[in-house]
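Please take a moment with the sequence and the 3D structure before reading on. The paragraphs below lead through some helices and the contacts of their side chains.

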Amino acid sequence: MSEADQKDPQKPESDKPIPPATPAAPKPSAAKPAAPAPRAGRSSNTIASLALLAGLAGVAVGGYSLWQLQQYSQQQEQQVQQLGELQQSAQQTQRLAERERELGSRLQRLERLPSADELEERHRLLSNLQRDQQRLSGRVEQVLGASREEWRLAEAEHLLRMAMLRLSAMQDVNSAEALLEESDIILREQNDPAAYAARQQLLEGLEALRSLPELDRTGLFLQLGALRGQSAQLNALAPEFEMGGEAAVGADAPRWRQWLDALTRYVRIDLDAENDVKPLLAGQSLGQVRLALSLAIEQAQWAVLNGNTEVYRRSLEQASALLRDHFSEENGQARGLRERIEALRERQVAVELPDLAPALKALQGYIRKREAPSLEGEAGQARQPAEQADGEGQGL
């Protein structure tokens with residue numbers, strides 16, 4: 001290999017290696033001519049030269065092959081690097097395209113945005129909405145703060161009205177007393193000095209009810225119903241006369257004597273009778289008496305429910321008279337029924353009920369006094385939007 005090849009091993013593929021130069025023949029000396037070498041030595045030098053040339057040629061070929069391999073590996077690395085750069089450039093191109101699409105969509109959204117006038121109008125509407133929302137939230141807080149008390153006071157008024165209705169319609173003292181107690185509990189829970197007058201009137205009515213005598217209208221009504229059921233089972237007893245000290249007629253007596261004895265069991269004339277003999281009721285007459293007695297007791301039941309003492313006592317007196325006029329004292333069933341009716345006639349069915357109207361009036365006044373500030377606040381809040389609207393109109 002020549003010195004140029006050793007100094008520059010990386011030569012392009014187009015440059016071909018320069019073959020080794022053949023040794024130049026020795027120039028003949030001008031002074032004295034060379035003596036001719038022997039023939040054997042000349043042939044051995046030729047073979048050595050050829051071997052040297054062959055070795056140099058092999059070394060040159062190996063170096064060239066090694067150089068070719070280095071060049072090929074470098075080309076492979078360059079291709080791999082170029083391929084990576086191409087992939088990176090493709091990814092960058094893709095990212096740029098996505099960025100461009102994103103910018104395009106943003107531009108479209110920006111184009112759809114409202115104008116400055118629309119934004120100003122929306123801002124004004126939003127401020128009005130926020131103002132209305134604040135006013136509404138304040139009203140809700142006020143209502144939630146006072147709603148429970150207002151509802152409780154309305155419940156107390158309703159309970160008082162129910163107590164008055166129970167007293168006037170049914171004269172139910174126990175139910176009215178319980179309703180007034182619940183109403184008083186509601187006023188006590190208010191813990192408000194302004195409720196003193198209303199509570200005083202309410203307690204006066206409650207104590208008046210507690211001082212009334214206890215009336216068992218339901219029990220009395222049911223007792224009269226039981227007596228009315230017994231009146232439908234009354235029967236008249238046939239009058240029987242005792243023979244006194246007369247001897248009984250035997251079987252050996254004459255036939256006319258036996259007939260006369262049998263007849264005296266049904267028909268007898270007594271001019272000196274001390275007790276009135278009741279007429280024998282049978283058939284339709286007995287049914288009419290039973291019906292009249294049942295109607296009298298039923299009318300007394302109506303008087304019990306309505307607290308009418310006069311009708312109650314008059315109805316029971318009529319029922320007692322019917323039993324006394326149409327049934328004998330010897331009839332134990334009729335006598336016991338009359339005694340029971342006369343005992344119930346003395347029962348009290350009505351009392352003088354207290355007037356709860358002053359308590360209701362005082363409670364309504366207290367409720368109106370509590371509602372007055374809230375109504376004024378609502379009126380003020382209603383005037384504020386109107387004033388604001390007038391101010392905006394004047395500003396325009």
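Predicted model: local features only at pLDDT ≥ 70, side-chain atom pairs only at ≥ 80, totals over all residues.

Residues are numbered from 1 along each chain as its sequence is written, and side-chain values use heavy atoms, with hydrogens and water left out.

Helix H6 covers residues 217-231; helices here are DSSP runs (H or I, at least four residues), numbered from the N terminus. Which residues of H6 are buried? They are Arg217, Gly219, Leu220, Leu224, Leu227 and Ser231, where buried means under 20% relative accessible area, exposed over 50% and partly exposed in between (1.4 Å probe, protein chains only). These residues lie on the same side of H6, because they cover an arc of only 165 degrees around the axis, taken from the directions from the helix axis to the C-beta atoms. The face turned away from this buried side carries the exposed residues Thr218 and Leu222.

Leu113, in the loop between helix H2 (39-112) and helix H3 (116-169), counts as exposed at 52% relative accessibility. By contrast, Ser320 in helix H9 (residues 309-326) is buried, with a relative accessible area of 2%.

The whole structure holds 17 salt bridges, each being a side-chain nitrogen of Lys or Arg within 4 Å of a carboxyl oxygen of Asp or Glu. One of them joins Arg135 to Asp132, with the closest N and O atoms 2.6 Å apart; being three residues apart in helix H3, the two are separated by about one helical turn. Another pairs Glu157 with Arg161 at 3.3 Å, N to O, and these residues, four apart in helix H3, are also separated by about one helical turn. Within this pair Glu157 is buried at 18%, whereas Arg161 is partly exposed at 41% relative accessibility.

Arg199 and Asp184 meet in a salt bridge of 2.9 Å, N to O. Arg199 lies in helix H5 (residues 196-210) and Asp184 in helix H4 (residues 173-190), so the pair ties together parts that are 15 residues apart in sequence. Finally, Glu177, Glu181, Glu207 and Arg210 are linked in a network of salt bridges.

Note on methods:
Expected span 1.5 Å × (residues − 1).
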